[in-house]
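Please look over the sequence and the structure before reading on.

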Amino acid sequence: MSFEEIEWKKEEGVAGKYVSSKVDEAGGLRDIKFTNADDFNFAFDIVDVLAEKCPDKTAMLHISREGRERRLTFKDMMVYSNKIANYLTFLGIKKGDKVILVLKRHYQFWFTILALHKIGAIAIPASFLLTKKDYEYRFKSASVSAVIASADGDISKEIDKALKNYDGMKVKIIVGGRKTGWNSLNKEIKYFSQHFVRPEDAAKGDDPMLMFFTSGTTDYPKIAMHNYKYPLGHYITAKYWHQVDPDGLHLAISDTGWGKALWGKLYGQWLCEAPVFTYDYDDFYAKEILSMIEKYKITTFCAPPTVYRVMVHLDLKRYDLSSLKNATTAGEALNPEIFHKFKKATGLDIMEGFGQTETTLTVANLAGTVPKPGSMGRPSPAYKIRLMRPDGTNCDVNETGEVTIEYGKEKPCGLFMGYYLDDEKTLSVMHDGFYHTGDTAYVDKDGYLWYVGRVDDIIKSAGYRVGPFEIENEIMKLPYVLECAVTSVPDKIRGQAIKATIVLTEGTKGTDDLKREVMKFLRANLASYKRPKLIDFVNELPKTTSGKVRRAEIKENDWNKEKNDAK
């Protein structure tokens, strides 16, 4: 069947009003379009509709850190988001206000973010790992007027410290406890009605809905703003990448403080009427997660490459993972060695995907495709992807270029509105009808994209341009390597030389003999210009709060050391 012969069909269930697609005989998504997006508000048009359609259907299975199980239905989601919407309105929070959420994996996060969508206030998810300095920057740069935070640990203490230098905060709400000077959600919510009438001027479509602080791997975090069409962009994420089952259970390893939680724990999954699984743990232990998959019969699973790197060094045969039907990863590139080890142990392909805080899923191994280990997959039908040379022309097959998204007058659902109050940064990445991701890749003859690195990660050594990922893939083949990062260091002859920073598996000692062994292996498997000149064994790699390796920090430390030594 040719593409022209494939008919447009509405998607099933509540999504059908908003999503139509063309799907081939193999179940592969060939094209997609969104309708009624200008009037769309996820909280009213999906969650509340599901509460009427299937009130007793599980929306989330939540496990507290103490092991308490809560099975929350779509009716629960409607009722408690309504109560909180009334509560927040009573406290003076209104449409357009910016509200920062620091709620870890507490089930109240879902009630609260839906309530903010109903009010029209702008939600700003934040990590519980932030400190006074981080909060101060966020409060000031986003003009935050309210904060809703977990009572756990030092979260509220750090926030109070930051507020000594910020006078714009109107409301402070604590969840799971009480504190002087803070409203208590748990105590006060019971006084408010479970009914909330959709306002005539309810936020929708192009109105701002979310503000994400980007990972900030090279600079202070930027603030990416998304509108109410953003959830629709995640339909592909859940249906065709995660391949969620309405009668199954989806687990995404993510804290609610970063965008990946909304990729895997809310919008797309509920558009597909699929329940999500949330474990409110404090510290990640792979064995614990594997036991959860076994006990609760998780059907679809998504985690960053870091998690898979840990898992494949365990004896996966000890766990019954037979309930798993699909595994996915994103956040950074997945090494082929990890792909092969996981498949050998489980029989499952890890379906890699690529996207950013500024986008939804952009490139992926979607349903109906056969993944190539190490490849990001093919472009999502929701976006027009071009690999671009610095002069703006298209790259040839197997030529590295920047990943860009072409857009017209109407931006695709999921592409961000711009950086909040920063026209200069917005125009630096969105101009001439293209969004420039800052990531580089090449495309093969079959249309699969292969990640090379951030534009700033490219190493220029002795006249060659070298991407770190290819070298990291070779290093990851060594059985005693847990993870690694390849960066540049100053070199008087080459200009830049290549350095490999390596974390070893537990029990392996980073001796000089081991360095020589690594070097010998790389000499046999890499061209001379790609071989690291330096090997550094470390206990851990610097990472963002979302788990991405901060190569920029390693590079900056090495280059600053060279400058200081030269003084």
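## Helix packing and salt bridges

Helix H1 (residues 42-53) packs against helix H3 (residues 108-119) at an angle of about 130°, and their axes are 8 Å apart. Helices (H or I, at least four residues) and strands (E, at least two) are DSSP runs, numbered from the N terminus. The axes are lines fitted to C-alpha atoms, for helices over the stretch in contact, and angles run from 0 to 180 degrees between N-to-C directions. H1 and H3 are therefore oblique to each other; angles under 35 degrees count as roughly parallel, over 145 as roughly antiparallel, 65 to 115 as roughly perpendicular and the rest as oblique.

The model is predicted: local features need pLDDT of at least 70, side-chain atom pairs count only at pLDDT 80 or more, and totals for chains, interfaces and linings use all residues. Residues are numbered from 1 along each chain as its sequence is written, and side-chain values use heavy atoms, with hydrogens and water left out.

In H1, Phe42, Ala43, Phe44, Val47 and Asp48 are in contact (heavy atoms within 4.5 Å) with Leu114, His117 and Lys118 in H3. The residues of this contact divide into 5 nonpolar, 1 polar and 2 charged. Here Ala, Val, Leu, Ile, Met, Phe, Trp, Tyr, Cys and Pro count as nonpolar, Asp, Glu, Lys and Arg as charged, and the others, Gly among them, as polar.

Side chains of opposite charge can pair when their charged atoms come close. A salt bridge is a side-chain nitrogen of Lys or Arg within 4 Å of a carboxyl oxygen of Asp or Glu. By this rule the model has 38 salt bridges, including those in the table.

| Salt bridge | N to O distance |
|---|---|
| Arg65 and Glu66 | 3.2 Å |
| Lys172 and Asp160 | 2.9 Å |
| Lys343 and Asp349 | 2.9 Å |

How buried or exposed are these residues? Buried means under 20% relative accessible area, exposed over 50%, and partly exposed in between (1.4 Å probe, protein chains only). Arg65 is partly exposed at 38%, whereas Glu66 is exposed at 63%. Both residues belong to a network of salt bridges that also links Lys104, Asp152 and Asp282.

Lys172 is buried at 19%, and Asp160 is partly exposed at 22%.

In the remaining pair of the table, Lys343 is partly exposed at 37%, and Asp349 is partly exposed at 23%.
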